Amino acid sequence: MIRLQDLRKTFPGEDGSPPVLEIGELCIQDGEQVALLGESGSGKTTLLNLVSGLILPDRGRVEVEGTDLAALPEPARDRFRATTIGYVFQSFHLLEGFSALENVELGALFAQGRVDPARARRLLEEVGLGHRLHHRPSQLSVGQQGRVALARALMNRPRVLLADEPTGALDAATGAAILELLLRAARESGAILLCATHDERVASALDRVLRVEELR
C-alpha cells in the first residue's frame, strides 16, 4: 500500500513560491493501477519522486509498504527503492557505456549486490528485445530504449511500479505496446502501478484516475 498524509512539497523560488504539491491524504491499495493525470508542471513527477524516495517532503508522511520513507536516512532509502520500487523514468536514464543486457543487470546489482543474468535475458526477451541484448542505447530506437527501461524496472520484482509519461516520446503504436507491457507486468505480479501522464487515452486504460490538481 501507498499512503500519503499531510504532504507538502515546495521547491525554492522567488517571492515565497506556492507548494508544487499538497495532499491531505491519499491511499493506493496493493494491485491498483492508477493514472496521475495533469498538465506539465502540475506536480505529477514530483509525486512519483516522493513515492520513490528520490526527494523528501517538506512536511508529512510518505508510507510505502508500511515504511515511512521520510523517516529513513538516505542510504536506507536507496536500498528500499532498489528492492521495492521499479521506476521507468521519462528520459529512461540508460547508461550509454553499457549494453541493453548490462543496463538491466545493473538494476539487480544495486539492489542485491549480485546479478541474475538469466532473469535479465528473459525480461528483455519478454519485451521483444532478445535480438538486441548487446546493443548500446544509442544503437536502439526510442521505443526499444523504453523497453529496456521497463525490463530494468522489473528486474527486482518490485512491489511498486512507477512510470513517468512512459508513452510521451513515442509514436502511437509503440506507446500502446509499452503501456500494455506495463499493465501486464503489474497485473501478473500484483504490484501497484502509478503512472504519470497527460494523455486521457492512457489514463482510461488504468483502474483509477487521480487528477493531481484536485489532490490539494
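The structure holds zero disulfides, a disulfide being a pair of cysteine sulfur atoms within 2.5 Å. This is a predicted model, in which local features need pLDDT of at least 70 and side-chain atom pairs count only at pLDDT 80 or more, while totals for chains, interfaces and linings use all residues. Residues are numbered from 1 along each chain as its sequence is written, and side-chain values use heavy atoms, with hydrogens and water left out.

**Cysteines**
- Cys27 is partly exposed, at a relative accessible area of 23%, whereas Cys195 is buried, at 0%; buried means under 20% relative accessible area, exposed over 50%, and partly exposed in between, with a 1.4 Å probe and protein chains only.

**Second largest pocket**
- The second largest pocket holds about 310 Å³ of space, where a pocket is an open set of points on a 1 Å grid over the protein atoms alone, at which a 1.4 Å probe fits, with protein on both sides within 12 Å along at least five of seven lines, and where the volume is the space filled by probe spheres set on the points, joined across faces, edges and corners.
- Its lining (residues with an atom within 4 Å of a point) comprises 17 residues, of which Leu123, Glu126, Leu154, Ala185 and Glu188 are the closest to the centre.
- Two or more lining residues come from each of helix H4 (117-126), helix H5 (142-154) and helix H6 (172-189), and H6 gives the most, with six residues; helices (H or I, at least four residues) and strands (E, at least two) are DSSP runs numbered from the N terminus.
- By class, this lining has 10 nonpolar, one polar and six charged residues, with Ala, Val, Leu, Ile, Met, Phe, Trp, Tyr, Cys and Pro counted as nonpolar, Asp, Glu, Lys and Arg as charged, and the others, Gly among them, as polar.

- Asp6, in strand S1 (residues 2-9), has a positive phi near 50° although it is not a glycine, and Asp6 is partly exposed at 43% relative accessible area.
- Glu165, in the loop between strand S7 (160-164) and H6, has a positive phi of about 45° and is likewise not a glycine; Glu165 is buried, at 9% relative accessibility.

**Aromatic contact**
- The count comes to one aromatic pair, under a rule that pairs rings of Phe, Tyr and Trp (its six-membered ring) if their centres lie within 6.5 Å, with planes under 30 degrees apart counted as stacked, over 60 as edge-to-face and the rest as tilted.
- Tyr87 and Phe89 form this stacked pair, at 4.0 Å centre to centre and 15° between the planes.
- Tyr87 is buried at 6% relative accessible area, while Phe89 is partly exposed at 23%.
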